Each structure stands twice: as structure tokens, then as C-alpha cells.
Amino acid sequence: MKTSLRAETGAKLSVLLSMAIWGSVGIFVRYIPLPSSVIALARGVIGLAFLLLVVLLRAQRVDFAAIRRNLPVLCISSVALGANWILLFEAYRFTTVATATLCYYFAPILLIVASPILLKEKLSRRKVLCVVVALVGMVFVSGVAEGGLPGRDEALGIAFGLLAAVLYATVVLMNKKMRDIAAFDRTMTQLGLSAVVLLPYILLTENLSTLQVDAMGIALLAVVGVVHTGIAYALYFGALDRLKAQTAAIFSYVDPVLAIVFSALLLREPLTIYSVIGAVLILGSALVSELPERKRSDSTGR
């Protein structure tokens with residue numbers, strides 16, 4: 001019993017640490033003087049290399065048969081993952097890390113809206129209320145509640161963040177379509193395929209000969225690839241088997257809260273009362289939507 005409790009506590013700490021790491025990614029990306037697509041490519045390649053090293057050190061076997069069975073869905077989710085990173089990193093450049101993160105965490109709300117259509121899941125009254133509350137929160141975050149529309153750059157940042165949320169929701173939906181594939185195998189394949197997809201895109205859209213990055217930029221890029229992708233994914237997926245899915249989902253809200261705190265403390269980004277209200281409404285509604293609903297007993301008492 002003590003061993004089981006210790007294992008669960010260790011798993012919770014691993015998930016919390018991975019969330020703390022992901023919450024700081026915007027701080028690092030902000031100071032890397034490279035296009036978002038190049039950062040996303042490097043993140044995928046370095047993260048994949050690190051996870052492969054973890055698999056080799058653990059002497060785990062990659063289930064290639066499971067990867068082949070799920071390959072069409074893996075390809076779609078990988079394209080969405082790569083594009084999602086690009087849009088999120090662009091959002092960091094045009095608006096504050098806090099605003100970009102809050103827009104990104106609109107993804108659970110989008111999943112609630114899409115689930116009755118794509119997953120045939122029932123939409124309860126509580127979840128409808130969560131959607132409405134999150135939309136109100138989005139009004140506060142956008143700045144409209146302060147008496148005006150956001151400026152061009154701010155509006156672009158919000159749009160990029162919301163589009164990133166749409167793509168992240170797509171990745172989650174695609175993952176639900178996969179069958180009998182281990183989390184590590186799925187993640188490594190998605191990282192590898194997203195890099196494969198991003199490379200021709202970068203070659204067509206960027207003049208690589210003009211890109212310049214100093215030693216600090218290279219170091220930050222390595223941190224994003226190794227720490228924010230490789231180590232964080234290894235911690236997260238290594239702990240999932242020892243935790244209830246509901247627990248992991250609730251712990252995921254540590255990520256945006258820390259992102260907001262880091263942006264205020266380290267980047268000195270302004271955090272108005274309207275932003276705080278919006279954050280509470282969006283994150284609160286998304287969190288409540290994750291909680292299990294009580295089943296009403298019928299007249300027979302079952």
C-alpha cells in the first residue's frame with residue numbers, strides 16, 4: 001500500500017513538474033531570434049532525439065505495427081501539432097505570454113463544442129454553461145471589456161492563440177481516434193512526422209541563408225527542445241500510467257497559471273484586473289468541465 005501511494009505521489013510530482021516546465025516555454029521562445037516555424041522544427045527534432053534516448057536507456061520496444069495501424073490519424077495529428085506550435089509561438093510575439101496562453105487554453109472549450117458532433121458525446125447543461133462562461137472570459141482577455149477593440153498586433157496575437165487552440169483540440173480529437181498504441185510511441189511518431197512536414201514548409205517560406213542566431217539563441221533553442229519537449233514529455237507520459245486521467249487533466253491547469261505568473265514576474269508584462277477576471281473565467285470553466293458529473297439516481301434507487 002505504501003509503495004502504491006509513493007508511486008502515485010511521485011507520478012503527481014512528475015506531472016506538476018512537466019506543467020511547470022511547459023508554463024515557462026513562452027519566456028524562452030520570446031528571446032529566440034528565429035522564425036516560429038524554425039523553432040517548431042528544432043523542438044520536434046530535438047524532442048524526438050531525447051525521447052528515443054529515453055526509450056533506448058529503458059530498453060523499451062517501439063511497436064511499429066501499432067504505428068502502422070494508426071498511421072493516417074498520426075499524420076493528420078502531426079500536421080496539426082506542427083502548425084499548432086508555429087501559431088502559438090507567433091502568438092507569443094504579437095501579444096503577451098499570458099494572453100496567448102489563455103487563448104490557447106480555450107482548447108478544452110472547443111472540445112466541448114465539437115464532442116457531440118465528432119465523438120457523439122452528450123452535451124450536458126453544465127458544459128454548455130462552461131462554454132458561455134469561457135466566452136465571457138474571452139471578452140475580458142481580448143480587452144473589449146476595457147472599452148475598445150484590441151490593437152492590430154494584439155488582435156493578431158489573440159487570433160494566432162485561438163487558431164493554435166483549434167489545432168491543439170484537433171490533436172486531442174485525433175488521439176482519441178487512435179487504438180492500441182502506447183503514449184511514447186504515439187508522441188515520438190508525432191514529433192518526427194511534424195518535423196518532416198515542417199521542413200519543406202520552412203524551405204519554401206524562409207531564406208535559411210539569412211537567418212542569424214547567437215550563442216544565447218542556440219542555448220535557448222536547446223533548452224526548448226531538450227527540457228520543454230524531451231524531458232517534459234518523458235515526465236508527463238511516464239507518469240500517466242500511474243495516475244487517473246481525471247487527475248492528470250486537472251493538474252494540467254497548473255501550466256497556464258504558471259505561464260501567467262512567469263509573464264508578469266519575469267517579462268514584466270501588464271496584468272490588468274480585466275485580464276485576471278478573464279483568466280479566472282476561462283480556466284475555471286475549462287477546469288469545471290473536466291470534473292466528473294454526479295449521476296442522478298432514478299426512481300428505483302439505482
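This is a predicted model: local features need pLDDT of at least 70, side-chain atom pairs count only at pLDDT 80 or more; totals for chains, interfaces and linings use all residues.

Trainee: Which residue does E269 form a salt bridge with?

Mentor: E269 forms a salt bridge with R30, and the closest N and O atoms of the two are 2.8 Å apart. The pair links distant parts of the chain, since E269 lies in the loop between α13 (254–265) and α14 (273–290), whereas R30 belongs to helix α2 (residues 25–30), 239 residues apart.

Trainee: And R30, is that buried or partly exposed?

Mentor: R30 counts as partly exposed, because its relative accessibility is 27%. As background, side chains of opposite charge can pair when their charged atoms come close.

Trainee: How many salt bridges are there by this rule?

Mentor: The count comes to 3 salt bridges. One of them joins the side chains of R93 and E90, at 3.8 Å from N to O, and these two residues are separated by about one helical turn because they are 3 residues apart in helix α5 (residues 71–94). Another joins the side chains of R152 and D153, at 3.4 Å from N to O.

Trainee: What about R152 and D153, exposed or partly exposed?

Mentor: R152 is exposed, with a relative accessible area of 63%, while D153 counts as partly exposed at 41% relative accessibility.

Trainee: Switching to rings, how many aromatic pairs does a search of the whole structure find?

Mentor: The search finds 10 aromatic pairs. One of these is W22 with Y233, whose ring centres are 5.4 Å apart and whose planes stand at 85°, so the pair is edge-to-face. This pair also links distant parts of the chain, with W22 in helix α1 (residues 2–23) and Y233 in helix α11 (residues 215–240), 211 residues apart.

Trainee: Are W22 and Y233 buried or exposed, and which cluster do they belong to?

Mentor: W22 is buried, and so is Y233. Ring pairs link W22 and Y233 with Y236 and F237 into a cluster.

Trainee: Next topic: how many disulfides does the structure hold?

Mentor: The structure holds 0 disulfides. Take C103 as a case: the closest cysteine sulfur, in C130, is 18 Å from the sulfur of C103, which is too far for a bond. C103 is also buried, with a relative accessible area of 0%, whereas C75 is partly exposed at 33%.

Trainee: Last one, about the backbone: where is A59, and what is its phi?

Mentor: A59 sits in the loop between α3 (36–57) and α4 (64–69), and its phi is near 55°, a positive value in a residue other than glycine. Most residues other than glycine have a negative phi. D180 likewise has a phi near 55°, and D180 is found in the loop between α9 (152–177) and α10 (183–205).

Trainee: Are A59 and D180 buried or exposed?

Mentor: A59 counts as exposed at 65% relative accessibility, and D180 is exposed too, with a relative accessible area of 66%.

Methods:
Residues are numbered from 1 along each chain as its sequence is written. Side-chain values use heavy atoms; hydrogens and water are left out. Helices (H or I, at least four residues) and strands (E, at least two) are DSSP runs, numbered from the N terminus. Buried means under 20% relative accessible area, exposed over 50%, partly exposed in between (1.4 Å probe, protein chains only). A disulfide is a pair of cysteine sulfur atoms within 2.5 Å. Rings of Phe, Tyr and Trp (its six-membered ring) pair if their centres lie within 6.5 Å; planes under 30 degrees apart count as stacked, over 60 as edge-to-face and the rest as tilted. A salt bridge is a side-chain nitrogen of Lys or Arg within 4 Å of a carboxyl oxygen of Asp or Glu.
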